[in-house]
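Welcome! Here are some exercises to work through with the model in view, each followed by a solution in steps.

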Amino acid sequence: MKRSDFLKTLGLGAVGALTSNQLLAAGQPVASDGAAGAMSIGTWPFAEHTTRAALEAMKKGANALDAVELGVKICEADPRERSVGLGGRPDRDGRVTLDACIMDHLGNIGSVAACEQVVHVSSLARAVMERTPHVMLVGDGATQFAREQGFPMQNLLVSESEAEWKKWLEKSEYKAIPNVENHDTIGQLTLDSEGRLAGCCTTSGMAFKMHGRVGDSPIIGAGLYVDGEVGAATATGHGEEVIRTVGSFRVVAAMKAGKSPQRACEDAVREIHRFFVRRGKPWADTQIGFIAMDVQGRVGGFALRPGFSYAVATKDGVEVLPGPFMIA
Ligand code: SD4
């Protein structure tokens, strides 16, 4: 539907009657010619700051890749965000292990998994992409590469996370908890004014996971996927289920097949639900959310259950939108 037609269906004749973010939330591009300008979206309310920072950087000329890295690094460096970077919750052995991946519009990719002592695993993933012949480094190998590349080494466990872990040890009961503190992994997508897309996903993963557990966030196709001619998607929530369904690739493939970003996210969540049903597994304690953006600047977001939200930063400002969901 053309923007003018869309406005007519809402009874709003004049172009400009809706803000860009309202248009985006309704699955419409922010500009009728498809020239959305620079924009960024990211999972959970903390992305309000990271998407704003990415947008400001792009306004000053940064490309989508630099901007997305700059954005998520804010979250990684914040010890109050206990599911990403510094301050992330540890695994069941008390070790903070981080996962991240990055992808640009050309299909360049880099990833690190189960990496310790490095705050900016997004930048480390980018270093894997740009400075190695590989696409993924894990565990000690990722940390060794970080050291060689001059990344600072530091203890990522903050006292609040340590105290939570010690409390958890009393029962040592592993349980996925949906919407932990109403935020989780940060997955961020950027579109610059040249029409280049990029994405990055970074997390400390499931709290109190088994040592060595890797979620969807560092896995290209699962936690993140970018097709520079189509769109980009990223995931948050229960990583095992996102890996099982190759979630983010699925969302981008659906956009390539002509679905809107919103519809593509919805289909991917429904597919995860279908797998639960088929396997006879309960999903009550599970949350999954996808966000997506296409090259025209349309966005979408959808979750399995309530509580998910995502930030959208456009030339008209930054807004945190509630994620529509499948199961109440
Ligand atoms: C993961 N999707 O590792 C990530 C983050 C997470 O609950 O722990 N979500 O599965």
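**Exercise 1.** Which residues in helix 9 are buried?

*Solution.* Start with the ground rules. This is a predicted model, in which local features need pLDDT of at least 70 and side-chain atom pairs count only at pLDDT 80 or more, while totals for chains, interfaces and linings use all residues. Residues are numbered from 1 along each chain as its sequence is written.

Step 1: settle the terms. Helices (H or I, at least four residues) and strands (E, at least two) are DSSP runs, numbered from the N terminus. A residue is buried if 20 or more other C-beta atoms lie within 10 Å of its own, exposed if 12 or fewer, and partly exposed in between, with C-beta atoms placed from the backbone.

Step 2: read off the residues. In helix 9, the buried ones are G247, S248, R250, V251, V252, A254 and M255.

Step 3: draw the conclusion. Helix 9 covers residues 247-256, and seven of its ten residues are buried, so the rest of the structure largely encloses it.

Step 4: find the cover. It includes strand 7 (224-227), strand 8 (231-237), helix 8 (239-244), helix 10 and strand 9 (288-294).

Step 5: look just past the end of helix 9, where G258 has a positive phi of about 110 degrees.

**Exercise 2.** Describe how helix 3 meets helix 4.

*Solution.* Step 1: axes are lines fitted to C-alpha atoms, for helices over the stretch in contact, and angles run from 0 to 180 degrees between N-to-C directions. The axes of helix 3 (residues 47-59) and helix 4 come within 8 Å and cross at roughly 150 degrees.

Step 1: name the residues. Helix 3 contributes H49, T50, T51, A53, A54, A57 and M58, and helix 4 contributes D66, A67, V68, L70, G71, V72, I74 and C75.

Step 2: sort them by class. Ala, Val, Leu, Ile, Met, Phe, Trp, Tyr, Cys and Pro count as nonpolar, Asp, Glu, Lys and Arg as charged, and the others, Gly among them, as polar. The contact divides into ten nonpolar, four polar and one charged residue.

Step 3: zoom in on V68 of helix 4. V68 is buried because it has 36 C-beta neighbours inside 10 Å. Apart from neighbours within four places in sequence, V68 is in contact with A54, Q188, T190, A198, G199 and C200.

**Exercise 3.** How many residues are in the largest nonpolar core, and which touch the most other members?

*Solution.* Step 1: a nonpolar core is a set of buried Ala, Val, Leu, Ile, Met, Phe, Trp, Tyr and Cys residues joined through C-beta atoms within 7 Å.

Step 1: the largest such core has 88 residues, and C101, V112, L124, V251, F290 and A292 touch the most other members. Its largest share, seven residues, comes from helix 4 (residues 64-77).

Step 2: Of the 328 residues in the protein, 55% are buried. The protein has ten helices and twelve strands.

**Exercise 4.** Is E319 buried or partly exposed?

*Solution.* Step 1: E319 sits in strand 12, residues 317-322.

Step 1: E319 is partly exposed because 18 other C-beta atoms lie within 10 Å.

Step 2: the C-alpha atoms of E319 and R52 are separated by 9.5 Å, though the two are 267 residues apart along the chain.

**Exercise 5.** Which residues are around the ligand?

*Solution.* Step 1: a residue is near a molecule if its C-beta atom, placed from the backbone, lies within 6 Å of it.

Step 1: the residues around the ligand are D184, T185, T203, G205, M206, G215, D216, S217, T236, G237, H238 and G239.

Step 2: by class, this shell has one nonpolar, nine polar and two charged residues.

Definitions and conventions: Two residues are in contact if their C-beta atoms, placed from the backbone, lie within 7 Å.
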